[in-house]
Amino acid sequence: AILTKHLAEYAHVFAPPLVHIDSDNIYESVKKVILDYELRQELIVMGRAYVERKNDGATLAKDLLENLNNPRKEDYFPTLAMDLLKDSDKKMVEKWSNSDLY
């Protein structure tokens with residue numbers, strides 16, 4: 001079972017079966033997953049089906065070739081750690097994220 005903070009606005013990109021947790025519900029969510037055997041089994045079955053569907057070799061190869069032939073700007077770029085980077089590293093990340101290829 002996966003418990004994580006899931007960004008719902010990116011569900012069109014990444015929506016695996018999981019239990020959403022945040023600072024308000026972490027205790028109850030973890031407790032529920034530990035105690036609810038049926039929920040864990042459901043997440044296991046759904047998780048395997050998700051991985052098989054999203055990570056099969058033919059699909060990955062097709063997506064890779066499509067992205068190589070038609071580069072597109074990223075739709076999500078994490079910036080949470082930008083404040084921790086040295087200035088030289090920040091410039092490198094900014095240059096990369098603003099390039100024509102992405």
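Reply: Helices α1 and α2 are roughly perpendicular to each other. Their axes cross at roughly 90° and come within 5 Å. The model is a predicted one. Two packed helices are described by the angle between their axes and the distance between the axes.

Helix α1 covers residues 26-35, and helix α2 covers residues 37-54. On the α1 side, the residues that meet α2 are Lys32, Val33, Ile34 and Leu35. Their partners in α2 are Tyr37, Leu39 and Arg40. Sorted by class, this contact has five nonpolar residues and two charged ones, with no polar residue.

Next, the rest of α1. Serine 29 is also part of this helix. Is serine 29 buried or exposed? Its relative accessibility is 11%, so serine 29 counts as buried, the limit for that class being under 20%. Which residues touch serine 29, once its neighbours within four places in sequence are left aside? They are Leu3, Val19, His20 and Ile21.

Now helix α2. Valine 45 has its place there. With a relative accessible area of 58%, valine 45 is exposed, since that class begins over 50%. Valine 45 can also be placed relative to proline 17: the two are 28 residues apart in sequence, and their C-alpha atoms are 9.4 Å apart in space.

Side chains of opposite charge can pair when their charged atoms come close. Here glutamate 52 forms a salt bridge with arginine 48, and the closest N and O atoms are 2.8 Å apart. Arginine 48 is exposed, at a relative accessible area of 59%. Glutamate 52 has 47% relative accessibility and therefore counts as partly exposed. How many salt bridges does the structure hold? It holds one.

Finally, the setting of this part in the chain. The secondary structure comes to four helices and two strands. Read from the N terminus, the order of the elements is β-β-α-α-α-α. The chain has 102 residues, of which 15% count as buried; serine 29 is buried, as noted above. Among the contacts in the chain with a separation of 6 or more, 41% are between residues 24 or more positions apart. The accessible surface of the chain comes to about 8500 Å², and carbon and sulfur atoms account for 59% of it.

Terms used: Residues numbered from 1 in each chain as written. Predicted model: local features only at pLDDT ≥ 70, side-chain atom pairs only at ≥ 80, totals over all residues. Heavy atoms only, no water. Salt bridge = Lys/Arg side-chain N within 4 Å of Asp/Glu carboxyl O. Buried < 20%, exposed > 50% of the residue type's maximum accessible area, 1.4 Å probe, protein only. Contact = heavy atoms within 4.5 Å. Areas by Shrake-Rupley, 256 points an atom, 1.4 Å probe, with all protein chains shown as cover. Axes fitted to C-alpha atoms, helices over the stretch in contact; angles between N-to-C directions. Parallel < 35°, antiparallel > 145°, perpendicular 65-115°, else oblique. Nonpolar A, V, L, I, M, F, W, Y, C, P; charged D, E, K, R; others polar.
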